[in-house]
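Student: I'm new to this structure and would like to learn how to read it. Could you walk me through a few features?

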Amino acid sequence: MPVAATLLFGSLARADQSEESDTDLLMIGLDQETRHVSVGRLSLFLYPWEQLEKAARDGDLFVCHLVCEAKPLIDPHDYLSKLKQAFEFRSSYAAEIARATDFGWFLVSFGAEFNPQLLTKRALWCVRTILIARSAELRDPVFAPERLAELTSSASAQDLLRHRRAPRDVEAVRRSLRQFLIDEGAGDCALEHADWATFVERFGETSNKVALQTLRQEEESQAGYLG
């Protein structure tokens with residue numbers, strides 16, 4: 001696993017971390033291996049350079065995050081600068097907004113099936129993705145939760161973002177997420193009444209990787225519990 005560079009991103013790179021913040025590291029590999037490992041408060045991502053470069057030219061939001069905020073820890077061949085040079089904004093991030101919105105309505109409808117910590121984490125992903133995508137469309141991408149809270153008029157989203165580590169019960173998270181989606185005019189409210197199978201089919205059709213991965217994790221967790 002040859003590694004060409006290691007980058008720090010997230011709250012530690014922005015220097016707005018708290019005692020509970022994670023350490024987010026990206027390792028740029030020279031082969032085709034992709035991996036994500038979380039241990040305690042360390043999140044380690046391994047991506048091939050070719051994949052990152054292609055995603056940069058496609059305006060990918062994760063790469064946008066790296067380009068805007070990452071700090072090199074080990075980067076002797078200046079891959080971060082190469083990534084910045086390759087990055088091009090998309091004309092629209094409607095697809096990202098739509099995927100986060102679809103998943104948001106799913107969590108509103110079926111969030112009771114998840115534990116409160118996972119539900120809160122995924123609800124925040126939906127809120128942040130929608131707001132980040134909208135800021136990227138303005139060519140002024142914002143990633144810090146406190147700054148994202150300033151971009152929305154939704155009091156529910158502001159509360160979720162500013163108190164994201166506060167313990168919450170499932171119903172409170174669902175109510176807050178639902179109100180955010182309504183406040184932001186996000187997507188088709190009719191989805192609130194869709195059944196599980198309709199959502200799963202939609203996730204597959206739109207390549208909603210976060211939603212599909214979450215469902216797989218929940219299925220594996222339930223299988224392990226029942227086994």
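Tutor: F9 counts as buried because its relative accessibility is 4%. Keep in mind that this is a predicted model, where local features need pLDDT of at least 70 and side-chain atom pairs count only at pLDDT 80 or more, while totals for chains, interfaces and linings use all residues. Residues are numbered from 1 along each chain as its sequence is written, and side-chain values use heavy atoms, with hydrogens and water left out.

Student: How many aromatic pairs are there?

Tutor: Rings of Phe, Tyr and Trp (its six-membered ring) pair if their centres lie within 6.5 Å; planes under 30 degrees apart are stacked, over 60 edge-to-face, and the rest tilted. That rule gives 17 aromatic pairs. Take F9 and F62: their ring centres are 5.6 Å apart and their planes sit at 85 degrees, so this pair is edge-to-face. It links distant parts of the chain, 53 residues apart, with F9 in strand 1 (residues 3-9) and F62 in helix 3 (residues 61-69). Helices (H or I, at least four residues) and strands (E, at least two) are DSSP runs, numbered from the N terminus.

Student: What kind of pair do F199 and F203 form?

Tutor: A tilted one, because the ring centres of F199 and F203 are 6.0 Å apart and the planes are at 35 degrees. Both residues belong to helix 10 (residues 196-205), and being 4 residues apart, they are separated by about one helical turn. F199 and F203 are both buried. They also belong to one aromatic cluster, together with F103, F106, F110, F114, W125 and W196.

Student: Which residues does D102 touch?

Tutor: Contact means heavy atoms within 4.5 Å. Not counting residues up to four places away in sequence, D102 touches L191, F199, R202, F203 and N208. D102 lies in helix 5 (residues 94-110), and its 5% relative accessibility is why it counts as buried.

Student: And where does the side chain of D102 make a polar contact?

Tutor: A polar contact is a pair of N or O atoms within 3.5 Å; within protein, one must be able to donate a hydrogen and the other to accept it, and residues adjacent in sequence count only if both atoms are side-chain atoms. Here the side chain of D102 meets the side chain of R202 at 2.8 Å.

How values were computed
Buried means under 20% relative accessible area, exposed over 50%, partly exposed in between (1.4 Å probe, protein chains only).
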